[in-house]
Number of protein chains: 2
Amino acid sequence: MSTNNSALIGVDWGTTRLRAFRIGVDGQILDRHASDLGVAEIRDGDFERVLRDIIGGWPTGTPILMCGMIGSRQGWQEVPYRPCPACASDLASTLCPIGTSCGPAWIVGGISTMHDQNVSGARGARKLYDVMRGEETQIVGVASHVGQTLMITPGTHSKWVVVHAGTIESFRTYMTGEIYAVLQKHSILGRLMQDGIGRRFDEVAFLEGVHLGREEPALLHALFSVRTQALFEQKTPAALVHYLSGILIGSEVSAEAGSHLMGSPVVVIASTELTRLYQLALSACGFRDVRYVDAEGAVARGLWKLWQLRAATI
Amino acid sequence: MSTNNSALIGVDWGTTRLRAFRIGVDGQILDRHASDLGVAEIRDGDFERVLRDIIGGWPTGTPILMCGMIGSRQGWQEVPYRPCPACASDLASTLCPIGTSCGPAWIVGGISTMHDQNVSGARGARKLYDVMRGEETQIVGVASHVGQTLMITPGTHSKWVVVHAGTIESFRTYMTGEIYAVLQKHSILGRLMQDGIGRRFDEVAFLEGVHLGREEPALLHALFSVRTQALFEQKTPAALVHYLSGILIGSEVSAEAGSHLMGSPVVVIASTELTRLYQLALSACGFRDVRYVDAEGAVARGLWKLWQLRAATI
C-alpha cells in the first residue's frame, strides 16, 4: 500500500512483457511491477483484468498512460500510427482515451515512416512503410532538443531512429531478435546448440559472428556457417549460441555503418544484456561516439514527459 | 511385382523426403516410390525397416546405392565428407558399404569445401567450411565434361556450385528454404499469412519481393516489410506468402549475380515448383543463359552413373 503522492501510472505493454511504474509528482519512480503477460499472452482479450492485477494496491483513480503493442490491432484498442516527422508534443496531443474501471486511461499511438522504393523492372515506385509502438516513448524519454542523434532500440524488432532537435525524422526496423529466436528454437541451427543455451557469454564466438555478419553480405549464406562450425567441431554448443547472435547483430549494425548518419552521436536504449552485445558490435563496426541508456528508465521518463505535455495543453 | 531386369536400386534419402528408383540395365527408371519418411522422421533409427518397406516387391538382391542425409551423423551411417575438388570418379571410388538384409548396399559420401576468411581485428584467418550431401549426386547426373557451369540446387539449403570439366570445384550454401519455412511457421510474419498458405501463386507479389531482396542489402530490414505490407493493407495474406518467398530468393540470387561466374552457363536442378520461382528470380537478376533440369531425374541418373563408374573400377 502507498500514500497517495502518485501523479501517474505509466505502463509499457509490449508483445512479450508488461511493466508498470507508479510515478510521483516530480516524475520520480515510486514503485514498479513487471510480468510476462505481454499482449501476445492475453488470449481472452481481458486486458483490463491484467492491468488491474498489476497495479492492484496502488492508489485508485491515478491517471494511467500506456504505450507499446497494447495500442496495436492485437492489443486493447488500436490507435492509428502517426506519420513521421513526430515530436513529443505531437504524440502528447493525440493520446487515445480508453474506458477502464482502473482509473482514467490513455494509450500513446505508435508512429510510422514511409520510403519510396524505386524499382527498375517493376511497376514504378512503391511505398514501403515502417512502424514502431513503444520505442517512440523511450525516445521521448531520452531525446534532447538540440542536434541530431542516431538512436538504437535493440530487441525483437530493433529500430534505428534519426532524431533531429527532439523530433523523430525517420527510422528503419531490423528483425534481428525475432530471427535469432526462431532460428534458435525451430531451425537445424538451433538443434545444434540446445545444450549451450543459457551458458556463460562467449565474447570470442560472438565477435567472430559479428565479423562474419559484417564481411559477408549474404546473410542466408553466413548463417549456414553455424552448422558447419558444429559439423567440423570448431565450436561448442554454447559458443554457437553467441556466434549466431553475433552474425545477426553484426549484419544489422554493419548495414547502418555505411550510412551518412555514422558521424552523429549514437544513443543505445537497451537492457543491460543487450547493451553488452551492442557495445561490442558497434565498436567492431567503427561507431565511436556511443552512449547507453537503460530502456526501462527511458520508457518511464517518456511516459511522464508525455503526460506533462498533455497536462500543459488542456 | 517385376521381372528381374533390375540393375540397381537408387535411393535419394534426404532430411524430409525418401525416393527410391528401380533402375534397369540401360539406366532407365523402371519404377519409383516416394515417401515423407526423411531422415529426420526416423526417430527409432530403424532405417533398414523403412528401406525394406519402400523397396518391397522389387527383386531382392539387387544392389542398392543411397545418397543424401542418410550418410550424415543423423542418418544410418556417417560417411565422411570428401573435400573439393571432387569429380564423379572420386565419389565412385569412395562409396561406403553398409550391411543390410535388403541386399548389398552402399552410401555416397557428401563433399565439403573450405574458404579462408581473413578477419581484420580478429585473430587472423579462419576456416569456413561448406558442405553438401545428395546434391553432389544430382550434379554428377547432369554435369558435362567440358567447360564451366554454375549449377544451382534450390531448396531447404540451396547450393550454388562451380563445376569445371565435370569436377565440382567449390560451392556456397544459402539457407533460403529453411528460413522461409521457419518464418512462415513460427514468426510474426507467418501469423499474418496463415490464411494465404496454399493459395494460387501470386507472380506480381513474388517479383516485388525479388526486387526488394535484390535492392535492399539488409535482409533483416527487408523482411519487416512483410509486416508493414499487411498492416497497411497493401497485400492479401496469399500475396504475403509469395512476397516473403520473393524477398528470400531475391536476396540469394542477387548475392551471386555480382560474381564473376555470372557469365558461365547456369543449370538449375529443381522440382517443377521451385523451377518456376528461380526462373523468375534469375531473369529479374540478369541471368540469361539458364537451363532447367528436373531434380528427381538428375539424382537417379547420378546414382546410376556412380554405380557404373564403381563397377568399372572393381
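Is A:Glu233 buried or exposed? This is a predicted model, and in it A:Glu233 counts as exposed, because its relative accessibility is 64% and exposed means over 50%. The residue sits in the loop between helix H8 (224-231) and helix H9 (237-257) of chain A. A:Glu233 is not a glycine, yet it has a positive phi of about 55°.

B:Ala165 has a positive phi of about 50°, and it is not a glycine either. Look for B:Ala165 in the loop between S12 and strand S13 (167-174) of chain B. Here the relative accessible area is 36%, so B:Ala165 is partly exposed.

Now step back to the two chains. Two copies of a chain are related by a rotation about an axis and a shift along it. How do the copies meet? Of the interface residues of chain A, 100% are also interface residues in chain B, so the copies meet through the same surface.

Next, go inside. The largest nonpolar core holds 101 residues. The members that touch the most others are A:Leu223, A:Val253, A:Phe287, B:Leu223, B:Val253 and B:Phe287. Take B:Leu223. Leaving out residues up to four places away in sequence, B:Leu223 touches A:Met175 and A:Ile179 from chain A. From chain B it touches B:Leu183, B:Leu189, B:Leu244, B:Ile247 and B:Leu248.

Strand S11 (residues 148-153) of chain B is another place to look. Of its 6 residues, 5 are buried, so S11 of chain B is largely enclosed by the rest of the structure. What pairs with this strand? Strand S12 (residues 158-164) of chain B pairs with S11(B) in the antiparallel sense, over 6 bridges. In this pairing B:Ile152 stands opposite B:Trp160. The hairpin of S11(B) and S12(B) has 4 residues between the strands. There, B:Gly155 takes a positive phi near 155°. S11(B) also pairs with strand S14 (residues 266-270) of chain B, in the parallel sense, over 3 bridges. B:Leu150 stands opposite B:Val266 in S14(B).

Finally, check the peptide bonds. A cis bond joins A:Cys84 and A:Pro85, with omega about -5°. A:Pro85 is in the loop between strand S5 (82-83) and strand S6 (86-87) of chain A. In chain B, the bond from B:Cys84 to B:Pro85 is cis, with omega near -5°.

Terms used: Residues are numbered from 1 along each chain as its sequence is written. Chains are lettered from A and ligands numbered from 1 in the order in which they are written. This is a predicted model: local features need pLDDT of at least 70, side-chain atom pairs count only at pLDDT 80 or more; totals for chains, interfaces and linings use all residues. Side-chain values use heavy atoms; hydrogens and water are left out. Contact means heavy atoms within 4.5 Å. Buried means under 20% relative accessible area, exposed over 50%, partly exposed in between (1.4 Å probe, protein chains only). Helices (H or I, at least four residues) and strands (E, at least two) are DSSP runs, numbered from the N terminus. Two strands pair if DSSP finds at least two bridges between them. A nonpolar core is a set of buried Ala, Val, Leu, Ile, Met, Phe, Trp, Tyr and Cys residues joined through side-chain atoms within 4.5 Å.
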